[in-house]
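Hi,

Here is the structure I promised to pass on. Have a look at it first, and then read my notes below.

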Amino acid sequence: MRLAADRAGQTKAAKQPSWGAAFTRSEALRGWTLLSPTTILMVVGLAAPLGIMLLYSFWKQEGLNLNTDLTIANYAEVSTKYYPVLLRSLWIAAAAAFLTVLLGYPVAYYVAFHAKNSKFIWLILLTIPFWTSYLLRVFALRVIMPDELRATPGAVVIALTHAWAAFAILPIYVSLEKIDRTLLEAAADLGDGAMRRFWRITFPLSLPGVISAMTLIFVPTIGDYVTPSLIGGGKPSTFMIANIIQGQIKSNDWPLAATTAIVSMIMVAFAVYFFVAALRAAARSLK
Amino acid sequence: MSAAKPLKKVGEKSWGITLFAFLYLAFLYAPMLVLPIFSFADQKVIDFPIKGFTTQWYEQMFAKEEMHKALWNSIQVGVIASVTATLFGLLAAKAITRYAIPGKGFVMGLISLPLFIPEILLGLSLLIILNVVSIPLSLLTIAAGHVLLCTPFAMAVLVARLDGFDKSLEEASLDLGETGWMTFWRVTFPLIMPAVVSSLLLTFIVSFDEFLLAFFLQGTEQTLPLYIWSGLRFPSNFPPTLALGSIILVVSIVLVVLAEWLRQAGSGGGKVNVGV
Amino acid sequence: MSSGDYIRIEHITKRFGSFHAVDDAHFSIKPGEFFSLLGPSGCGKTTLLRMIAGFEFPTEGEIYIDNQPVTGVPANKRPTNMVFQSYAIFPHLDVYDNVAYGLRKLRLPKAELDRRVKEALGMIRMDGFERRRADQMSGGQRQRVALARALVNRPKVLLLDEPLGALDKKLREQMQFELRMLQQQVGITFIFVTHDQEEALSLSDRIAVMQKGKVLQIASPRELYESPNCREVADFIGTMNFMPGIVKAIEPTVAVVEVEGLGLINSPLPADYSFATAGAEVLIGARPEKLDVVRGAPHPGEKGVKGTIGACAYLGDRNHYQVTIEGRAAPLQVATEQGDRSTLASFSPGEHVTVSWGDNSMVLLPKT
């Protein structure tokens with residue numbers, strides 16, 4: 001990378017502008033060269049596959065043949081037949097995200113405002129679960145879950161809440177930590193008690209972290225496969241999007257699977273958009 | 001926000017919230033403790049009371065040839081994925097922190113995308129494209145998927161380290177006559193080494209524990225999570241699986257603590273670096 | 001430019017989009033000169049230095065060092081060495097390895113390497129510091145190590161990017177003195193970047209004053225102070241009273257300028273007075289210490305005008321006065337020496353005085 005630029009610049013110290021000199025003269029160009037391998041990796045690994053998947057959603061699988069005539073039949077099928085599952089996945093993920101953030105907020109608050117010397121330890125302890133096997137954690141939950149509770153959508157929500165618990169805390173912690181403590185002192189000086197200080201100052205300022213945490217949990221959770229499978233135990237009432245897609249792949253209907261994935265992503269995008277907008281509107285009313 | 005939750009107290013009376021925080025921590029870790037506890041229990045049913053202590057499940061687990069194969073596969077995939085992801089992450093991190101590039105934010109977002117899209121989307125799209133290009137599924141395809149997933153982690157760790165790195169150190173080396181390549185080896189690399197090792201460890205753990213992509217992109221060979229998954233289908237087989245899970249958990253935790261310690265030590269300590 | 005020019009900056013421009021960081025810099029530096037680039041933050045002085053070092057490349061123009069073109073040559077191949085603003089001491093190497101860093105590629109025998117490193121350490125008076133590390137040294141010590149590390153490579157030019165900015169005042173003054181001694185001892189060209197005009201004035205053989213990417217004036221410290229060529233330079237170096245006026249006549253050695261409240265001023269003609277034609281608007285500049293305040297008549301041979309003392313400031317060795325002049329809106333700043341104990345040299349607010357000046361107190365500047 002730089003080596004080539006070195007040699008190029010060296011032999012072209014003459015007055016005429018040349019490619020080599022132009023290359024060394026342009027910082028942006030050198031930077032892009034360094035960035036290109038990773039960018040190409042992501043384009044090939046992400047953009048291209050997602051693009052092809054989009055294409056597949058417009059094709060139809062007929063028996064063993066892939067009919068590459070463009071059609072929106074898949075979209076029609078997904079929107080009607082799988083509508084309940086999509087909706088269920090949405091509310092399960094939303095419930096899990098909401099609960100996780102609700103439970104995690106006080107902990108984040110504690111670490112940000114009350115843990116003086118032990119902050120570092122707390123953060124490490126809260127980060128560790130993030131790095132351990134998701135599969136194992138859900139499995140452990142399943143083991144301790146009583147049989148009666150299992151195989152219901154509610155159980156899936158509980159399991160998801162536990163599995164993603166640590167994820168909620170970090171973003172909320174970061175935004176709480178950033179709050180200038182003198183703002184709270186000023187509010188106290190102007191007559192606010194503890195509760196009012198929280199709702200009028202702390203909470204609104206921590207809202208970006210809350211939104212961030214909810215989105216961080218909501219989006220991946222919708223596509224979760226492990227939890228509905230392990231906790232739901234195969235009962236259709238616990239199926240989420242990923243279970244459906246897995247079934248479609250098994251029956252070799254990849255176009256339909258692609259469509260399901262894309263439709264669910266569109267739904268997620270809308271859901272997140274409306275949710276964030278609603279939360280922002282609610283926050284603005286918290287004068 | 002529900003105002004009915006009585007524990008959200010603010011201010012002087014901090015004992016309520018302190019209690020909540022500790023309870024939460026216990027709640028977080030408790031299920032994981034279940035694994036080691038019952039892995040030593042002399043019974044096949046996972047339920048209290050515990051009838052006795054035994055190491056038979058560990059012996060059973062260690063004896064299984066399939067487990068050894070799956071473990072070795074996971075290690076291979078993990079090493080390939082972590083080294084590759086760290087390499088790509090390093091190149092990107094250097095480019096981002098050292099050069100003023102137009103469109104930098106966009107590219108950073110693109111590279112971080114795998115962290116924010118549901119894995120099933122990633123898995124399905126990779127499955128499709130591999131089929132289109134007629135590449136057979138195997139450990140290599142799993143590793144490739146993991147590289148995509150792990151590169152954003154590597155990049156984040158390395159950007160955090162390089163950002164706090166005095167740029168003029170590299171310029172000083174060039175000024176003193178070193179080539180760009182040797183500057184990297186004599187100055188940059190020794191100083192970012194802890195972060196590089198940290199990145200290798202973290203990406204290895206991510207790959208080692210990863211299930212969903214492996215599930216979609218697997219060929220004939222299993223990784224360890226896939227092996228565990230097949231064991232979960234049969235409740236009678238739980239105890240050896242618990243044993244395996246316990247060991248994996250312990251190893252993961254040790255590696256994570258090591259990686260985080262390296263990361264803090266490398267960046268000069270002091271402030272708590274929360275950025276993942 | 002003559003052949004005695006060691007470093008030639010030829011029409012160097014550096015553009016970022018439409019922003020000119022350096023705008024057509026064109027000058028040369030003599031061998032063995034202590035040359036400073038002086039200006040406020042953002043004026044382009046550091047960018048220009050980095051282009052000489054090879055860390056930035058000009059959008060237009062050429063740079064020559066000792067008659068060799070270096071414009072496209074990367075930093076590691078140039079005969080320059082730099083002392084960075086942050087010193088950039090390698091934290092993972094001790095002082096010895098830091099100083100020896102640039103010598104490694106020469107593959108000198110150990111005895112020779114040792115000798116040169118010790119010689120460099122001796123020059124900065126840090127013998128015995130070989131095994132210390134960066135975090136075990138003070139800012140001043142690190143700065144000297146950075147110097148030694150650069151000089152040990154015997155560069156043709158030493159570039160210094162605001163090296164004394166982080167030091168406290170006393171240490172800075174001491175280091176300024178040491179730097180000057182070092183430069184004369186080693187004999188190579190130093191190019192020094194600073195925003196501190198006192199520092200530049202005390203250290204340099206010549207100074208290039210820059211603002212907004214342009215080189216405004218290049219001259220010796222004395223010439224810059226006494227004969228600035230424009231308001232920006234005059235304002236940046238020291239303080240000055242600026243008085244708009246109209247040229248009434250051009251005589252062989254002086255320009256006769258009418259200034260509000262002061263009447264007709266005779267101002268010596270600068271080297272380039274093409275801007276001063278009859279009837280043209282100009283600026284008359286007068287440094288406060290070149291004016292005087294007296295009771296009664298002006299000094300013999302000098303002109304004067306009546307005024308009233310406004311604000312006073314006692315500075316120990318000097319007094320600063322703001323004098324309101326009849327017929328002038330802006331007061332004049334005058335600085336007088338305290339003098340010895342026997343003279344009564346201070347005035348009080350409200351006193352009626354005369355401001356006195358000679359022709360040589362004035363400077364003719366173009367109107368901005």
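What share of the 368 residues in chain C is buried? The figure is 40%, where a residue is buried if 20 or more other C-beta atoms lie within 10 Å of its own, exposed if 12 or fewer, and partly exposed in between, with C-beta atoms placed from the backbone.

Before you go further, some housekeeping. This is a predicted model, in which local features need pLDDT of at least 70 and side-chain atom pairs count only at pLDDT 80 or more, while totals for chains, interfaces and linings use all residues. Residues are numbered from 1 along each chain as its sequence is written, and chains are lettered from A and ligands numbered from 1 in the order in which they are written.

**Chain C overall**

The C-alpha trace of chain C spans about 80 × 50 × 35 Å along its principal axes. Chain C has eight helices and 20 strands; helices (H or I, at least four residues) and strands (E, at least two) are DSSP runs, numbered from the N terminus. Chain C splits into domain 1 (7-228) and domain 2 (239-366), with bounds from an automatic or database domain assignment. Taken over C-alpha atoms, the centres of these two domains of chain C are 39 Å apart. Of the contacts in chain C between residues at least 6 apart in sequence, 65% join residues at least 24 apart. Two residues are in contact if their C-beta atoms, placed from the backbone, lie within 7 Å.

**Two sheets in chain C**

One open sheet has four strands in the order E2-E1-E4-E5 (chain C), with antiparallel pairing; two strands pair if DSSP finds at least two bridges between them. Its edge strands are E2 (19-29) and E5 (68-69) of chain C, each pairing on one side only. E5(C) is joined to strand E4 (residues 60-65) of chain C by two bridges in the antiparallel sense, and Ile65(C) has Gln68(C) in E5(C) as its bridge partner.

Another open sheet has five strands, ordered E13-E12-E11-E14-E20 (chain C), again antiparallel.

**Where the chains meet**

Between chain A and chain B, 72 residues of chain A are in contact with 68 residues of chain B. Helix H3 (residues 27-56) of chain A gives the largest share of chain A's side, 20 residues. By class, that side of chain A has 56 nonpolar, nine polar and seven charged residues (Ala, Val, Leu, Ile, Met, Phe, Trp, Tyr, Cys and Pro count as nonpolar, Asp, Glu, Lys and Arg as charged, and the others, Gly among them, as polar). Chain C also touches chain B: 16 residues of chain C are in contact with 14 residues of chain B. Here the chain C side has nine nonpolar, six polar and one charged residues.

**Where to be careful**

Chain B has a mean pLDDT of 84, and 91% of its residues reach 70 or more; pLDDT is the predictor's confidence in each residue, from 0 to 100. Over residues 1-11 of chain B the pLDDT is below 50. Residues 268-276 of chain B also stay under 50. Where pLDDT is low, the predicted coordinates should not be read in detail.

Cheers
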